[in-house]
Amino acid sequence: MTASSNPGSLHSHFLSRPDDAPWMVGLATSAAGSLPYPLSERDIEADTAHALRVFAELGLARAELVHMIGDGAEEIVWWPFENAAMRMGIPWIQAEGGPHDTARSDMVLRRFRPHAVLGMSLPVLDALGELGRDLHGMLGNLRALTATPQAAIKLRSLGIACRVQALLGPIFLFEAADGSGLRYDESEWLVESLDGELVLTAVSARMSPFSRLRTGQRGRVGRIERDGRREARVLFD
């Protein structure tokens, strides 16, 4: 985009954009590989509202540092959570989920002592162990700790409590507090299991109208009664 000589006119241009106009484009993972994943302002607002609900359930609070760990390809999925953090006044520091960026997570965890870590990955966890870090001291007393399915298995084997955070297509799923399965934003998406494969459908007016997007991930979907309504729970195989 060419810089405008009149910042006010540029600002007015963005303010005047319709809610369903393209705002940003990223990638969505699928069984067929990465697919273009455009988002509208409406999509971002809806996803930010969901992220705010997730943060509230995790107990995140204003002015308490959060460390977010995720690969660059996931940035479009993380953006609503970053947006939610800004709205809540929550500072955050990001790092990549691969071993090449472990030094950054190591620095954040030791020097800044965040109140929560979201998206802990197995490569980072293994690398921290190889560095001889006290994983219980780093991760055992956080306000909230979410981890990829593989990292969660290792954390729990070490006696460190966490919730699973899993990427499914272009969305994150978070484990319910009672351990009954993984939850997602049902006002925007429908997750189904077809022949044992999890597929994803957009159920609102999203810019990416995925219909039974094959994710290549195996799992089951059930429902439980909660607060007088039935909620979906996803279980990975």
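This is a predicted model: local features need pLDDT of at least 70, side-chain atom pairs count only at pLDDT 80 or more; totals for chains, interfaces and linings use all residues.
Rolling a probe the size of a water molecule over the atoms shows where empty space is left. In this model, one cavity of 30 Å³ or more is found. The volume of this largest cavity is about 180 Å³. Its lining comprises 15 residues, and those closest to the centre are Asp47, His50, Pro170, Ile171 and Phe172. Four elements each supply two or more residues to the lining: strands β2 (35-40) and β8 (171-175), together with helices α2 (41-58) and α3 (75-88). Among the contributors, α3 gives the most, with four residues. In terms of residue class, the lining is made up of eleven nonpolar residues, three charged residues and one polar residue.

Attention now turns to helix α5. This helix spans residues 122-130, and within it Val124, Leu125, Ala127 and Leu128 are buried. Viewed down the axis of α5, the buried residues fall within an arc of 165°, and they therefore line one face of the helix. The partners against which these buried residues pack are the strands β3 (66-69) and β5 (116-120) and the helices α4 (102-112), α6 (135-139) and α7 (149-157).

The two ends of α5 may be described in turn. At its start, a side-chain oxygen of Ser121 comes to within 3.3 Å of the backbone nitrogen of Val124; Val124 is also one of the buried residues of the helix. After α5 comes Gly132, which has a positive phi, near 80°.

Notes. Residues are numbered from 1 along each chain as its sequence is written. Side-chain values use heavy atoms; hydrogens and water are left out. On a 1 Å grid over the protein atoms alone, a cavity is a set of points where a 1.4 Å probe fits but cannot get out, and a pocket is an open set with protein on both sides within 12 Å along at least five of seven lines; lining residues have an atom within 4 Å of a point. Grid points are joined across faces, edges and corners, and a volume is the space filled by probe spheres set on the points. Ala, Val, Leu, Ile, Met, Phe, Trp, Tyr, Cys and Pro count as nonpolar, Asp, Glu, Lys and Arg as charged, and the others, Gly among them, as polar. Buried means under 20% relative accessible area, exposed over 50%, partly exposed in between (1.4 Å probe, protein chains only). The arc is that of the directions from the helix axis to the C-beta atoms. Contact means heavy atoms within 4.5 Å. A polar contact is a pair of N or O atoms within 3.5 Å; within protein, one must be able to donate a hydrogen and the other to accept it, and residues adjacent in sequence count only if both atoms are side-chain atoms.
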